[in-house]
Each structure stands twice: as C-alpha cells, then as structure tokens.
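Q: Please take a close look at one part of this model and walk me through it slowly, as I am new to the structure.

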Amino acid sequence: MSTQNSHPISQEKPVPTDEQVDDELCLLDLEDADSLLLHVQDLVTQHLDEFPEDQLDDEAARYAAKMTKASITDGTRDGHLRIIKHYITFHLRRNKKWDATRVDDKTPHDIAAFITQKCGPVEEGFEGRKYSTAVSTRAALTMWYKNLRPNESLTEWRLDSVTNTWRGLPTRSRQVQFMVGLEKTKAKSGEVSSSARALALEDIHRLYKHCLDSNLTVAQRRAGIIRYVAYLLAWLMLLRIDEVIKLRFENFDKIPGERRYIDISLNTRKQNQTGLLHSGRLHANDSDSSICPVRAFILLASLYGPEIKKTGPLFLHVTAQGAVMQSQPLVSSFS
C-alpha cells in the first residue's frame with residue numbers, strides 16, 4: 001500500500017475588516033496618549049490657564065461645581081476638578097437637561113464635542129488648544145467617569161450584548177480616534193509636537209552646548225546636565241523620555257577605571273512588559289565627547305557628589321537654588 005506525504009494545509013490570513021483596522025488604530029492612539037499620562041498632574045497643571053475659574057460663575061457652573069464636589073473625593077487634584085467642571089458647564093449651557101451622570105452610547109460624543117471645542121481650529125470657531133490639552137482633558141474626564149462607575153473596566157468600552165448596556169470607560173471609545181487626526185492636523189498647520197521629528201546628531205550637539213553653557217547660573221547648569229544626560233541616553237538607546245526618567249542607579253553597571261563601557265539593564269518597557277527583556281552596552285566615544293555616554297555619566301557623578309546615595313531613581317529634581325533633591329525624582333518629561 002502506497003502512502004502519500006502529508007503536508008500541512010496552508011491557510012491565508014484573513015484580511016482584517018475596516019472595523020478591526022479602526023480598533024487597532026484606536027489602541028495605538030490610546031497607547032500614545034497614555035504614555036503622556038505617566039505625568040498627568042504636570043500635564044494638567046500646564047493647561048489650567050485654559051480652564052479659568054472666572055468662567056464658572058453662572059447657574060450651570062454652580063451646579064457643575066456642586067455635582068463634582070458630591071461625586072469626587074476631597075483628595076482629588078484641583079486641576080482635574082476644574083476641567084471636569086468646565087466639561088459639565090459646557091454641556092449644561094448647551095442643554096439644560098443634559099445629565100452629567102448618564103453613561104451610554106452618546107457619552108463618547110459628548111466627550112469628543114468638549115475636546116473639539118477646546119482643541120479644534122480657531123478659524124472654525126474653536127479655541128485652538130494644543131494636543132496635550134486634549135490628552136489632559138481626557139485624563140480628567142477618565143477620572144470623572146471612574147468615580148461615577150468605580151466597578152467598570154478601565155481598559156475598554158463595549159456594548160454588552162446580554163444586558164444591552166455599555167461597559168467600561170467612554171474615554172476609551174473609538175471616538176477618541178479623532179485625537180489622532182487632531183494631532184496630525186496641528187502638525188500640518190505648524191504646531192509640530194516634539195515627537196514629530198527624530199533627534200539628529202546636530203540636535204544633540206546644540207543641546208550639549210545649551211545645557212553646559214558657561215554663562216548659565218549654577219542652578220541652570222545643574223538642571224541642564226541632568227536634562228542633557230537624559231536626552232543623550234534616550235537618543236543612544238532609542239528610548240522614550242518617559243522610559244529614561246524612570247531609570248534607576250541599579251540599572252547601570254560601570255567599574256570606574258577598569259573598562260570603557262557601561263552596561264544597562266532596562267526594566268519592563270511599554271513594548272516588552274514581561275520583565276527584564278532589554279539590555280545594552282554603551283562605549284566611550286573619544287572622537288565626539290558631546291555624545292560620549294561615559295563622559296556624560298562622569299558629569300552626572302560630579303554633579304551628585306558623595307552626598308547622593310547611588311540607589312533609587314537616577315534622574316533627580318534640581319531646585320531653583322541649585323540643590324539636588326534625592327527625595328524628589330524627576331517626574332516631568334521636560335515639556
């Protein structure tokens with residue numbers, strides 16, 4: 001009896017539907033926005049002038065203030081509260097019967113309408129605020145809806161086919177995709193974000209000269225050294241700035257005087273979230289001292305001196321007087 005060789009049946013991968021593509025684009029957008037939310041308090045604080053208290057002086061605003069105070073705990077940051085009150089006031093002025101506690105299929109459209117008002121183009125009657133304003137607004141409204149529905153998932157927005165109710169957070173709906181278009185539109189019109197172009201060698205050279213300028217005050221130069229080393233590491237290792245400022249002394253291995261390189265082990269990263277999956281080795285660069293990682297760490301070590309314990313966060317806050325505070329790790333992405 002003859003036998004035939006068996007071959008696995010090859011199957012072509014199904015072509016993704018438009019809906020699947022849209023879902024993936026939405027996830028990518030949320031990932032980018034969430035990377036900014038690592039420093040959400042700084043982000044909100046930067047934009048508080050765009051949500052002035054003096055605009056909250058009518059009946060709708062007073063009702064919004066009362067509602068937020070009743071729904072949000074006392075420990076909540078004032079900045080978030082102000083954005084939430086502006087959101088509620090915005091809709092009540094348009095529709096006195098609008099219910100801020102309602103969460104249904106219309107809620108993502110309400111959120112989109114408010115962010116569009118803040119960030120849409122001025123020539124179309126909107127305020128023309130930056131993309132980061134949209135991100136900080138989304139963060140504040142996420143807090144609002146989390147307080148309204150504390151038991152809901154924080155990572156989805158979907159229709160439950162059994163109960164015919166919407167589950168999760170409306171700030172994670174597909175409607176937030178408009179933020180992608182918003183960012184691209186602003187870049188085309190001249191408001192280019194810092195991530196719109198990769199840093200070139202010339203940029204690092206200029207940063208080096210700027211941060212170590214001899215005309216700077218002591219405090220400015222100390223802060224400049226930390227900024228320079230952080231950006232240099234990001235550039236050399238292809239890291240996000242938010243990944244760099246989370247590095248710790250324990251991530252680095254260097255034996256002074258015995259070798260001309262530094263070994264780095266990175267913690268869990270956004271792209272690899274299952275442990276220590278990425279490491280690298282940075283060698284000295286004698287031909288271009290401004291991009292030499294060994295010299296950069298010597299600068300940092302000289303700045304910190306023996307008073308700073310070589311443990312914990314690597315990048316530390318410098319006060320306006322020039323003091324390096326080990327108790328205050330750097331939390332801003334220099335925006």
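A: A crossing of two helices is called right-handed if the near helix is turned clockwise from the far one by less than a right angle, and left-handed if the turn is anticlockwise. With that in mind, the part to look at is helix H5, which covers residues 107-119, in what is a predicted model.

Taken by itself, H5 has 13 residues, which at 1.5 Å a residue should span 18 Å, and this agrees with its end C-alpha atoms, which are 18 Å apart.

Two packed helices are described by the angle between their axes and the distance between the axes. The partner of H5 here is helix H6, made up of residues 131-148; the two pack at an angle of about 145°, and their axes lie 10 Å apart. In passing H6, H5 makes a right-handed crossing.

On the H5 side, the contact is formed by Thr 107, Ile 111, Phe 114, Ile 115 and Cys 119, while H6 contributes Thr 133, Ala 134, Thr 137, Arg 138, Leu 141 and Tyr 145.

How values were computed: Residues are numbered from 1 along each chain as its sequence is written. This is a predicted model: local features need pLDDT of at least 70, side-chain atom pairs count only at pLDDT 80 or more; totals for chains, interfaces and linings use all residues. Side-chain values use heavy atoms; hydrogens and water are left out. Axes are lines fitted to C-alpha atoms, for helices over the stretch in contact, and angles run from 0 to 180 degrees between N-to-C directions. Helices (H or I, at least four residues) and strands (E, at least two) are DSSP runs, numbered from the N terminus. Contact means heavy atoms within 4.5 Å. The expected span of a helix is 1.5 Å times one less than its number of residues.
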